[in-house]
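These are my notebook entries on one structure. I record what I looked up and how each term was defined.

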Amino acid sequence: MTATSTPPNVEEQARRAHRAKIIRNIIGRGGAYAVLIGFATAMLFPFLFMVASALKTPEDTFRYPPKIFPRTPATAQVDGADVELYSVEVPGEGLTTLYLAEQGVQAGLFAQLDDVETTVAWPLQLASDTGQTTTLEGETLPVYSVQLGTETVDLALVRNTAVGRFVAQDDPSVETFAVVRTAERAESIDPQWQNFNEIIELRDFDRSLTNTILVTILVVGGTLFTSITGGYAFSRVRFAGRDKIFVAYIGSIMIPFVVLIIPLFRLMVSLGWVNTLGSLVWPFVFNAYGTFLMRQFFVSIPKDLEEAAFIDGAKRWKILWTIFVPLSWPAIATLATFMFLYAWNSFIWPLVSINGANSEDFVLTIALQTLGGQAGEGPNLIFAAIVLSVIIPFTVFVLAQRYFVENVATSGIK
Amino acid sequence: MTTATAAPPSASTDQPGWFVPLLLWRGLTAFLLVVALIGVLVRRGIVLDGPIRWTLIAALVAAVAGGGLAVRWTMQRVHSGRLAGFTIDFLLAVVFGFVALNRMDMFNGLDAVGEAFNGSVAWLGIVVLGWLVSGFADRGEQANANLKQVARWTMIGGLAVLTLSMGLLPGLLEFASRLVATNVLPLAILAIAAGAFARILWSDGAAKLFGTTQSQGETMDGMLFVAPNMLGFLAFFAGPLLVSLFISFTEWDGLTDATFVGFQHYIDLFSDDLFLRSLRNIVVFGAVAIPLAVIPALLLAALLNSKLPGMKFFRAVYFLPSIAGVVGVTLIWKQLFNSTVGYLNFIVLKLTEWFNSIFGSGIEAPQPQWISDDSIALISVIILFIWQQIGFNTVLFLAGMQGIDGTLYEAADIDGANPWHKFRNITVPMLRPTTVFVVATTTILALQLFNEPFILQSPSPPSGPGNSTLTPVVYLYQNAFQEFQIGYASAVAWALFILIFGVTLLYFRRGGDEGVLST
């Protein structure tokens, strides 16, 4: 701007500004992705943890420090026999995976002559008494000449113990000795798929799953039916008091469900519906929100379409199902996904109305809550149950993501 | 019907064959309504002797009056007769049908279906597959008619096998046997008769006979279309709501008779330490959780709204916690919160070690008892709530941002605004209605907090260590379903409702004219 008199400077400035802008852009994008990935990790980690824990053994879920992948102690076959694999320190070679070839080898715990804290457990076979003694921390101990691998060292025998002999699978000449109790087992990643079978067989969990599917189908279908007919009446059929009733409907969306729990439960008691799946279905197929959603969509459909059909003598019922419904798939799918999640995940109402001990009436949320509240089952089985309970919503979400997002977008903004 | 259409339209004296039966039926229904009214007046001790009985009496008085007038109007052949008769018959069919089916325990037949469903759920998969394939065959560039036919027949076949394997035939037999065994046959016949007369009154022939105009016909259409929704709405929403209000004025244990205590429960609430504690907990919870569930969501949405690649993936990932059910995710977090083997304390430990190794400090890693420490239990609920809510709020904000006029940003670009200025001066002000909505829904959810503390603390009481996770809904639940203080619990429910209503009103007042309720 200032340097019209010195053109090269301007060019240089512009180039520098351009470069600075690119750098800023890269930093900005990098920062944006860093934040997004950070949050994505926080959102995904619990689910990753869920899947991994569902495939663990019960002991593995209580491991500390925690490890994400399911592991089990490794075993191998040597000469037709099952042997346990350990991760043991071999002098000169570091940590190596060896199998336990022999247990209870007579051994001594040897300490360094100048340091009683540094000890090694080694077979007495590989040590010979030198006849000398040494005094460590006020105790007189015999000194042995111990053959550690290739070298021989003089060490003090603290006490007798037993060790295991560990041998490499591929090379029998590689062997070492260690106390079995403190040796670390070698582990292999080993998903426990049978956890899913176990949880399905446990206390009618399969029944809970199918009950949930059934309830969800009926709630979604019933809500769609009542919302479509109601929405059509509120948008297209003129009758006395229509708009006042509609305002009451919208107002009712604001009323929290907790106000209804007690009277609805009393109603279930007097109808004899407590502890039945019906109590989870019938009260929930009449939905003000759904009616509102369908009405808003029907209002936007041009009137010409139905007028032509009217002239042809079609009845309203037929017009609704042959003209309005096919045009309203986006709204119907949006409502269906909303009701699907609502029915699948609802907790407080089933907790109240399915309060019996009969697990044949359970839905997934109640089955999960019951499982989670019991110390008896290992966490691995609980996690397997959680996986089964989220797998269908996640699949539906992947297939119909658009409508989920649409539902959120339309639920309040327009 | 056939006689009506066959008769010359001008002959007003000519009446169709169903007219006399209809008149008799009108008389019978009017008589039945009177009997029902007398029955209710004489008999006492119906469930909750107060409001339900009076509502019933009021409804029956209206019905008797309507029934009497309907007889008169039907004889005069005016539209009011058709309308009143149709309404009465429709409602009678619904009520009698409902009572008959409920006596036969048919509404609980779902559980039997559930049992059979287990073995035949695979067929449902075939139905869904057929539906999906027929949908796809219809869509592509060239619609594949053959494939669509095959898919459709697969679907129909699957449905047939599904219903048969779920026991359609034994079910029908069971239905028939219960119809006889449970003495509901008279009720069922009345229901069917009422339904049949409603159908006759609905017909074009009846419209002609009673001289119904087009707009009167439209009103009947409207009533019929709204009916399924409206009846359910009254029975399962509006009715219970009013009953709940009444219960809150009574002392009731759910078994013995309720006694009216007026506003006593509401007065007691103010001096109930536990209720006040639950309010305090929920206010602390909201004050921390709501900003933390909303502000990061706004920033994330702003990042997602940039046209960088991969944003759809991130949006989907953020949405996952709100799809997985609250029970499942809470159980996952319960394990993460585990104080000895949980990942959260492990991460805290590792971060502290890392910090110490960099700065040479000797800070000892805190290893809190997330769930059982009374000063921390509420914080763990807050963490869980934020984790669940952030993604949902992000998607809400994102939807709002995509509705902002793009030319505003273009104009700002010309003026040389940087991204922060654009965010601060365009996005935030334009997003005000969305922000109000997001904050309001998050607040409403927070005030109804129940699931998270209930599941996290289970099998301990949901009120948590030292009542630290006692929320109003938890308190309501404990009162209603563990202490059987149903009247008092209803008062808690209404107090909470008033609180929620007040907060919502406040938000939308401040949100200006573009609130949700302007339709």
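**Entry 1: terms and ground rules.** I began with the rule for strands: two strands pair if DSSP finds at least two bridges between them. Helices (H or I, at least four residues) and strands (E, at least two) are DSSP runs, numbered from the N terminus. I noted that the model is predicted, that local features need pLDDT of at least 70 and side-chain atom pairs pLDDT 80 or more, while totals for chains, interfaces and linings use all residues. Residues are numbered from 1 along each chain as its sequence is written, chains are lettered from A and ligands numbered from 1 in the order in which they are written, and side-chain values use heavy atoms, with hydrogens and water left out.

**Entry 2: the strands around β3 of chain A.** I looked up which strands pair with β3(A), residues 81-90. Strand β2 (residues 75-78) of chain A runs antiparallel to β3(A), with four bridges. In this pairing Q77(A) stands opposite D82(A). Two residues lie between the strands of this hairpin, and D79(A) has a positive phi near 50° there. With strand β4 (residues 94-112) of chain A, β3(A) forms six bridges, again in the antiparallel sense; E89(A) has L95(A) as its bridge partner in β4(A). Strand β10 (residues 184-185) of chain A is also antiparallel to β3(A), over two bridges, and R185(A) is the partner of Y86(A).

**Entry 3: the interface of chains A and B.** I found 112 residues of chain A in contact (heavy atoms within 4.5 Å) with 106 residues of chain B. Buried area is the accessible area (1.4 Å probe) that two parts lose on being put together, summed over both. Here it is about 9,600 Å², 76% of it on carbon and sulfur atoms. M43(A), M254(A) and I262(A) supply 7% of the area that chain A buries against chain B, more than any other three residues.

I then looked for salt bridges (a side-chain nitrogen of Lys or Arg within 4 Å of a carboxyl oxygen of Asp or Glu). The rule finds four across this interface. R316(A) and E218(B) form a salt bridge through their side chains, at 3.5 Å from N to O. Helix α4 (residues 205-236) of chain A gives the most to the side of chain A that touches chain B, with 17 residues.

**Entry 4: an aromatic pair.** Rings of Phe, Tyr and Trp (its six-membered ring) pair if their centres lie within 6.5 Å; planes under 30 degrees apart count as stacked, over 60 as edge-to-face and the rest as tilted. I noted 62 such pairs over all chains. The ring centres of W122(A) and F177(A) are 5.3 Å apart and the planes stand at 75°, so this pair is edge-to-face.
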